Structures are given as C-alpha cells and as structure tokens.
Amino acid sequence: MADLIGLDEDGYCYRLTPSSLARAASQKIDATKVVDFLTRAQGKACALVAKAIQRWRQGTEVKVERAIIVRVKDAAILKRLQESPKTRNISIEPLGPTAARINEKDWPKLVSILAEAGCWLISQLVSW
C-alpha cells in the first residue's frame, strides 16, 4: 500500500502514492482498510492523509510538472507554430490565443525552430 523510500535512523520510510494505492486496490485492499491500518499503526490516522486516501478513489486530481510557457505577440504566430511541419514532434498545448505550454525537454528544439524562422526571443527561464 506504500512505496519504500529508504531506511534512516528511525527505521524504514514509506510513502503513499497513487501507484502504491492502486497496487493495494489490485490486492483487494481498499481505502478504508489503508486508513484503518494507519490508525492501528500510529494510534490515529492524520485527518488530511485519511481524506486524501478516501479522495484517491476519484483518481489523481492534481498533476504538478515543469513546463515552458511560450507567449507570442499575435495569435497567428501561435497558429503557425502549431501547424508547422517542423514542430510536428513538439506538443504545443494552447493556454489561450497567445500562449501555449510545451514540455521542458522540447525547449531547445523550439528555440532552434524559432531562430531559423527569424523570430526574436526573450527568455525568462530560471533554474530551480
């Protein structure tokens, strides 16, 4: 029902994840049983953890990922980018008429394509 993270001075460390709860469910261990186990193991289950486990049945509700936001001056530029054969292998997810999200790994390729097209870029990328 949990993924082993490692061993520290206090003992084994586990993390509940959507995939670990899915594994548990495939073994007929439902959310109620997970909360019951945590309650017995710790004396009580944290209310927030118990709520998250119960909500897990609805599937992953939030996904956090790093991405690049591209903003263009004119919607026509974004349309040309999306339709260009050169950007065929780049996932360009529109966020509005003049903004789109691309995968971080595609950034260097997009920069190259835009440079070849003679576009000036202003980059405000920061390291995390």
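1. Lys 105 forms a salt bridge with Asp 106, the closest N and O atoms being 3.3 Å apart. A salt bridge is a side-chain nitrogen of Lys or Arg within 4 Å of a carboxyl oxygen of Asp or Glu. Asp 106 has a relative accessible area of 8% and is therefore buried.

2. This is a predicted model: local features need pLDDT of at least 70, side-chain atom pairs count only at pLDDT 80 or more, and totals for chains, interfaces and linings use all residues. Residues are numbered from 1 along each chain as its sequence is written, and side-chain values use heavy atoms, with hydrogens and water left out.

3. A search of the whole structure finds eight salt bridges. One of them links Glu 65 and Lys 63, with 3.6 Å between the closest N and O atoms. Glu 65 is partly exposed, at 41% relative accessibility, and Lys 63 is exposed, at 67%.

4. Glu 93 and Arg 101 form another salt bridge, and here the closest N and O atoms are 3.8 Å apart. Glu 93 is partly exposed, with a relative accessibility of 38%, whereas Arg 101 is buried, at 10%.

5. The pairing of Lys 105 with Asp 106 was given in point 1, at 3.3 Å between the closest N and O atoms. Salt bridges that share partners join Lys 63, Glu 65, Glu 93 and Arg 101 into one network.

6. Helix 2 (residues 31–42) packs with helix 3 (residues 47–55) at an angle of about 160°, and their axes are 9 Å apart. Helix 2 is therefore roughly antiparallel to helix 3. Angles under 35 degrees count as roughly parallel, over 145 as roughly antiparallel, 65 to 115 as roughly perpendicular and the rest as oblique. Axes are lines fitted to C-alpha atoms, for helices over the stretch in contact, and angles run from 0 to 180 degrees between N-to-C directions. Helices (H or I, at least four residues) and strands (E, at least two) are DSSP runs, numbered from the N terminus.

7. The crossing of helix 2 and helix 3 is right-handed. A crossing is left-handed if the near helix is turned anticlockwise from the far one by less than a right angle, and right-handed if clockwise.

8. Two residues of the loop between helix 1 and helix 2 deserve a remark. Lys 28 lies in this loop and has a positive phi of about 65° although it is not a glycine. Most residues other than glycine have a negative phi. Lys 28 is exposed, with a relative accessible area of 67%. Ile 29 is also placed in the loop between helix 1 (18–26) and helix 2, and is partly exposed at 28% relative accessibility. The C-alpha atoms of Ile 29 and Met 1 are separated by 7.9 Å, and the two residues are 28 residues apart along the chain.

9. Leu 4, Leu 7, Tyr 12 and Tyr 14 make a nonpolar surface patch of about 520 Å². Strand 1 (3–8) and strand 2 (11–15) are the elements that give two or more residues to this patch. Leu 7 is found in strand 1 and is exposed, at 61% relative accessibility. Patches are made of residues with over 30% relative accessible area and no salt bridge: like charges are joined within 9 Å, nonpolar side chains (Val, Leu, Ile, Met, Phe, Trp, Tyr) within 5 Å.

Technical notes
Accessible areas come from the Shrake-Rupley method with a 1.4 Å probe; for residues, only the protein chains shown count as cover. Buried means under 20% relative accessible area, exposed over 50%, partly exposed in between (1.4 Å probe, protein chains only).
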